[in-house]
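Subject: Structure handover

Hello,

Here is the structure for you to look through. Please open it first, then read my notes below.

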Amino acid sequence: QVQLVESGGGLVQSGGSLRLSCAASGIIFSSYAMGWYRQAPGKQRDLVAGITSGGITNYADSVKDRFTISRDNAKNTVYLQMNSLKPEDTAVYYCNAVYRGLKIEYDYWGQGTQVTVSS
């Protein structure tokens with residue numbers, strides 16, 4: 001059974017920091033690309049940051065230079081370090097794991113963790 005369990009969300013003041021974690025089980029973690037998405041009320045779910053199985057990262061323009069995604073394959077965990085948080089970063093943050101083979105694709109989601117940034 002595949003599980004992605006996020007943690008680390010909470011309430012923080014503008015300018016503060018949080019570190020989200022996503023612990024994966026039931027998958028060969030090192031083979032998966034991992035991503036963090038977020039969804040604010042009434043808005044679509046958008047990619048925040050991604051990291052490939054090889055460690056290549058990409059970020060949404062809105063979080064570049066503030067957020068850092070990393071992974072620890074030994075711990076089957078992906079992290080999102082969020083600095084200089086702004087009220088517009090308030091959202092539910094979701095962890096995503098994707099594997100794309102030649103003829104098959106696996107796509108899993110965590111349950112989400114709330115991040116609230118007060119002004």
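Thr 77 sits in strand E8. Keep in mind that this is a predicted model. Is Thr 77 buried or exposed? Its relative accessibility is 9%, so Thr 77 counts as buried. The cut-off for buried is under 20% relative accessible area.

What does Thr 77 touch, leaving out residues up to four places away in sequence? The list is Ser 21, Cys 22, Ala 23, Phe 29, Ser 70, Arg 71 and Asp 72. Ser 25 is 52 residues from Thr 77 along the chain. The C-alpha atoms of Thr 77 and Ser 25 are separated by 9.1 Å.

**The whole chain**

Now step back to the overall fold. The chain has 11 strands and 0 helices. Read from the N terminus, the order is β-β-β-β-β-β-β-β-β-β-β.

How does the radius of gyration fit a compact globule? For 119 residues, such a globule would have a value near 14 Å. The chain has 14 Å, so the two agree. Along the principal axes, the C-alpha atoms fill a box of roughly 45 × 25 × 25 Å.

Next, the surface. Buried residues account for 38% of the 119 residues.

Contacts reach along the sequence as well. Take those between residues at least 6 apart in sequence: 55% of them join residues at least 24 apart.

Charges come next. The chain has 11 positive and 9 negative charges. Their mean positions lie 2 Å apart.

**The nonpolar core**

In soluble globular proteins, nonpolar side chains tend to be buried together. Look for this inside the model. The largest nonpolar core has 28 residues. Which of them touch the most other members? They are Met 34, Trp 36, Val 78, Leu 80, Met 82 and Tyr 93.

Start with Met 34, in strand E4. Its relative accessible area is 3%, so Met 34 is buried. Met 34 has contacts beyond its neighbours within four places in sequence, among them Leu 4, Cys 22, Phe 29, Ile 51, Ile 69, Val 78 and Cys 95. Ala 97 is also in contact with Met 34. Met 34 and Ala 97 are 63 residues apart along the chain, yet their C-alpha atoms are separated by 4.6 Å.

Then find Phe 67, in strand E7. Phe 67 counts as buried because its relative accessibility is 2%. Setting aside residues up to four places away in sequence, Phe 67 touches Arg 38, Val 48, Tyr 59, Leu 80, Gln 81, Met 82, Asn 83, Leu 85, Asp 89 and Tyr 93. Gln 81 is 14 residues from Phe 67 in sequence. From C-alpha to C-alpha, Phe 67 and Gln 81 are 5.5 Å apart in space.

Where does Lys 43 lie? Lys 43 is in the loop between E4 and E5. Its relative accessibility is 59%, so Lys 43 counts as exposed; the cut-off for exposed is over 50%. Lys 43 and Thr 68 are 25 residues apart along the chain, with 23 Å between their C-alpha atoms.

The other two concern the backbone. Most residues other than glycine have a negative phi. Asp 65 has a positive phi, near 75°. Asp 65 is in the loop between strand E6 (57-59) and E7. With a relative accessible area of 84%, Asp 65 is exposed.

Asn 76 also has a positive phi, near 55°. Asn 76 lies in the loop between E7 and E8. Is Asn 76 buried, partly exposed or exposed? Asn 76 is partly exposed, with a relative accessible area of 26%.

Best wishes

Terms used. Residues are numbered from 1 along each chain as its sequence is written. This is a predicted model: local features need pLDDT of at least 70, side-chain atom pairs count only at pLDDT 80 or more; totals for chains, interfaces and linings use all residues. Side-chain values use heavy atoms; hydrogens and water are left out. Helices (H or I, at least four residues) and strands (E, at least two) are DSSP runs, numbered from the N terminus. The radius of gyration is taken over C-alpha atoms; the globule rule is 2.2 Å times the number of residues to the power 0.38. Buried means under 20% relative accessible area, exposed over 50%, partly exposed in between (1.4 Å probe, protein chains only). Contact means heavy atoms within 4.5 Å. Lys and Arg count as positive and Asp and Glu as negative; His and the chain ends are not counted. The place of a charge is taken as NZ of Lys, CZ of Arg, CG of Asp or CD of Glu. A nonpolar core is a set of buried Ala, Val, Leu, Ile, Met, Phe, Trp, Tyr and Cys residues joined through side-chain atoms within 4.5 Å.
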